[in-house]
Amino acid sequence: MFKCFHMGFMFELLPDKNCGLCSRLAGFRCENRKKFPDQYNAPVPSFGLQDAQLLIVGLAPGLKGANFSGRPFTGDYAGELLYATLLAFGFAKGKYAAHKNDGLELVDAKITNAVKCVPPENKPTGEEIKACRSFLKREIEAMPKLKVILSLGLVSHNAVIVATGHKQSAFKFAHGARHNLGGGVTLIDSYHCSRYNTNTGRLTPEMFNDVFKLIGEDIAA
Ligand code: URA
């Protein structure tokens, strides 16, 4: 269990590697451990720096991507655009090579997922998102310099809104929208950089760049 000492308390930032909070996800994990014994197959920890100003929140690990590599978006199709953009905007350095030991480092950024375990069909249920929310909440609370949260997609947006103590109805998801979460933290929404969204043109690299320009402005402000 990865723990963080913050404000005098020990917080658990990641579910146990055999977490049983979600029986469906635990069952899927067991199946995958049998089928792919050499792969990571456990809740995927966040990647990056605790004292970063930017937190990127995805949906959940992809089966043969983050769930295999043990690093968010690593080996997933969605990671191609995400890491290329982070490198282009100076939020990463090194080279992204789709595996955990590629030496890539994040700069002033951290990446996590709303749900830490891989869900079947990439679709966590509402109950699973709720069960994982306390980990996201603690991760957010444990970032003392946090200025911007980038939510990739509606599920991430809603998870962040609730984890930060707000009402979903008061904050509508829209690509490129900025929401003031209080305490000096802004939430910026983007369509998820999934294969579906990028292949259909719902999210183009230019649109994603524009989101990162907004992030840069907020961090510089
Ligand atoms: N991989 C992740 O880690 N998160 C996503 O949201 C998608 C793929």
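1. Let's start with the ligand's shell: six of its residues are nonpolar, four polar and one charged. In that count Ala, Val, Leu, Ile, Met, Phe, Trp, Tyr, Cys and Pro are nonpolar, Asp, Glu, Lys and Arg are charged, and the others, Gly among them, are polar. Keep in mind that this is a predicted model, where local features need pLDDT of at least 70, side-chain atom pairs count only at pLDDT 80 or more, and totals for chains, interfaces and linings use all residues. Residues are numbered from 1 along each chain as its sequence is written, and side-chain values use heavy atoms, with hydrogens and water left out.

2. Who is in the shell? The residues around the ligand are G58, L59, A60, P61, G62, A66, P72, F73, D76, N113 and H192; being near takes a heavy atom within 4 Å.

3. Now the polar contacts, meaning pairs of N or O atoms within 3.5 Å. The side chain of N113 has an N or O atom 2.8 Å from a ligand nitrogen. A ligand oxygen lies 2.8 Å from an N or O atom in the H192 side chain, and F73 brings a polar backbone atom 2.8 Å from an oxygen of the ligand. The ligand on its own exposes 240 Å², and the protein buries 93% of that (Shrake-Rupley areas, 1.4 Å probe).

4. Where does the ligand sit? It sits in the largest pocket, going by the rule that more than half of its atoms lie within 2 Å of the grid points. A pocket here is an open set of points on a 1 Å grid over the protein atoms alone, with protein on both sides within 12 Å along at least five of seven lines; lining residues have an atom within 4 Å of a point. The volume is about 770 Å³, taken as the space filled by probe spheres set on the points.

5. That pocket has 30 lining residues, with L59, A60, N122, H192 and S194 nearest its centre. By class the lining has 16 nonpolar, nine polar and five charged residues. Helix 3 (77–88), helix 5 (154–163) and helix 6 (195–199) each give at least two residues, and helix 6 has the largest share, three. Helices are DSSP runs (H or I, at least four residues), numbered from the N terminus.

6. There is also one cavity of 30 Å³ or more in the whole structure, a cavity being points where a 1.4 Å probe fits but cannot get out. C19, L21, C22, C117 and C132 are the closest to its centre among 14 lining residues. Helix 4 gives the most to this lining, four residues.

How values were computed. Polar contact = N/O pair within 3.5 Å; in protein donor to acceptor, adjacent residues only side chain to side chain.
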